[in-house]
Each structure stands twice: as C-alpha cells, then as structure tokens.
Amino acid sequence: HRARHRHPRRRQRVSQRKLIALVLLVAALASGWAIWSHRPKEKANANANARSDYVLTDFEVVVLDKTTGQESFTLAAPKLERNPGDRTMTIAAPVFYIPASPGDGLPPTREAGWEVRSKTGWVSATGEELRLNGNVTAQTAGHREKPVTMTTEQLNVFPKGKRATSPSLVTVEQPGSILRGQGMEALLDSKRIRFNSNVKVRYAPPPR
C-alpha cells in the first residue's frame with residue numbers, strides 16, 4: 001500500500017523536472033539570456049521527431065546581450081522550431097525588433113531601432129546572426145521625420161554589431177528619394193547604407 005501511495009508523487013516530481021528542464025532550455029537559447037512574454041494562446045511543446053527538439057507557437061521573446069545585459073533583439077512569431085544538432089532555430093513569419101542608438105553615444109532603444117519582417121527566419125545558436133528570407137521589409141521604428149524602409153528578398157542582421165547585409169537587390173526608400181542597388185551593407189545605428197553595384201537613384205519630392 002505504501003508503494004501505491006508514493007507512485008503518483010514520483011510521477012509528479014518527474015513531470016515537474018521535465019517542465020523545469022524545458023523552461024531552462026528555452027531560456028538559455030540565443031545569446032544566453034531570454035525573457036519570454038506569454039500570450040493567451042501561447043504553447044510550448046517538446047517535439048520528439050528528428051527535425052526539431054521543440055516547437056513554440058504564438059510567442060514573443062526578448063533576447064539580451066550576454067555581455068551588457070541590454071536588449072539585443074525581440075522576436076515575435078507564430079511558430080519556431082529548434083534543430084537539436086546545431087541548436088539553430090527556424091521561424092515562420094518572424095517580426096524582429098532591433099534596438100539602435102539614437103545618437104550621441106546614448107544606449108540603444110527600440111524606438112530608435114528597426115522593425116524587420118519576412119516570410120521565414122533563421123537564428124544562429126548564439127543569437128548573433130539573423131537570416132531573413134522572402135519579402136523582407138526593414139523599417140525604422142517609431143515616428144521619424146525621415147523614416148527609412150528597406151525591401152529585399154534576403155537580409156542578414158548582426159544585432160550585436162548593429163549591422164545588416166544583403167547579397168540581393170535592395171530598395172531603400174526615404175522621403176524624397178528611392179535608392180536601389182545590388183549587394184548592401186547597412187549600419188543600423190547611423191542609418192548609413194552602402195551598395196556594391198548597379199546603384200540607381202530616383203528623386204521623388206514629397207507632395208506639398
């Protein structure tokens with residue numbers, strides 16, 4: 001009779017350990033620090049198939065820089081899968097919020113940063129590289145006097161270095177001008193953009 005009474009408790013302890021292990025695993029992803037913001041319909045499930053060791057649906061996560069403790073980027077998406085081999089993550093329809101410095105040596109803020117969307121996304125195991133593919137749109141966040149919007153089919157973002165690159169054709173729109181070129185490197189803090197080739201500029205004065 002004693003064994004029967006203890007058996008449910010052992011099950012409960014095992015279940016709790018599995019839950020704690022999953023939470024710690026998720027919290028340790030990317031750069032090492034993550035703060036998860038749960039939505040009402042959020043689910044976090046372990047997936048036993050060979051392609052991924054867990055799947056997250058309808059989630060938001062704030063990833064902190066492991067050196068400074070500041071926000072490196074925030075990711076929201078309807079689905080994320082992690083590869084158990086290299087610990088990289090693939091994401092469906094991601095939205096990345098990447099802070100940038102407003103200038104004068106001030107710390108990065110989300111309002112001074114960028115909002116980036118795409119069909120699919122990929123995050124390295126350390127969280128130091130983001131790869132976005134398909135209908136990529138990157139635009140300055142908040143209300144700006146001169147907002148900037150970049151559109152392309154492929155964009156690689158390095159949050160720690162506040163840098164973005166693309167080997168594809170990129171279109172950059174600002175009030176009064178449209179810039180287009182092949183191959184790009186952008187400094188996200190200073191909003192400086194450089195193209196490698198086939199650069200075309202069209203001036204379009206805003207309506208009065």
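Mentor: Let us begin with Ala76, which stands opposite Val95 in strand 6. Please keep in mind that what we are looking at is a predicted model.

Trainee: Okay, and which strand is joined to strand 6 by three bridges, and in which sense do the two run?

Mentor: That is strand 4, residues 71-82, and the two strands run antiparallel.

Trainee: How many bridges are there between strand 6 and strand 7?

Mentor: There are five bridges between them, and strand 7, which covers residues 109-117, pairs with strand 6 in the antiparallel sense. As an example of residues facing each other there, Ala100 stands opposite Thr109 in strand 7.

Trainee: And is strand 6 mostly covered or mostly open?

Mentor: Strand 6, residues 95-100, is mostly covered, with five of its six residues buried.

Trainee: What does Phe96 touch, if we skip its close neighbours in sequence?

Mentor: Leaving aside the neighbours within four places in sequence, Phe96 is in contact with several residues, including Phe73, Leu75, Trp114, Val116 and Leu132. Phe96 also belongs to the largest nonpolar core, which has 32 residues, and together with Leu75 and Val116 it is among those with the most contacts inside that core.

Trainee: Which strand gives the largest share of this core?

Mentor: The largest share comes from strand 3, residues 54-64, which supplies five residues. As a general point, nonpolar side chains in soluble globular proteins tend to be buried together.

Trainee: Changing topic, where is Ala125, and why does it count as partly exposed?

Mentor: Ala125 is found in the loop between strand 8, residues 120-123, and strand 9, residues 130-140. It counts as partly exposed because its relative accessibility is 24%, and that class lies between the cut-offs of 20% for buried and 50% for exposed. Ala125 and Met89 are 36 residues apart in sequence, while their C-alpha atoms are 7.3 Å apart in space.

Trainee: Which charged residues sit over rings?

Mentor: The charged end of Arg131 sits over the ring of Trp122, at 4.1 Å from the ring centre, and Arg163 lies over the face of Phe158, 4.5 Å from the centre of that ring.

Note on methods
Residues numbered from 1 in each chain as written. Predicted model: local features only at pLDDT ≥ 70, side-chain atom pairs only at ≥ 80, totals over all residues. Heavy atoms only, no water. Helix = DSSP H or I, 4+ residues; strand = E, 2+ residues; numbered from the N terminus. Buried < 20%, exposed > 50% of the residue type's maximum accessible area, 1.4 Å probe, protein only. Lys NZ or Arg CZ within 6 Å of the ring centre and 35° of its normal. Core = buried A, V, L, I, M, F, W, Y, C linked by side-chain atoms within 4.5 Å. Contact = heavy atoms within 4.5 Å. Pairing = 2+ DSSP bridges.
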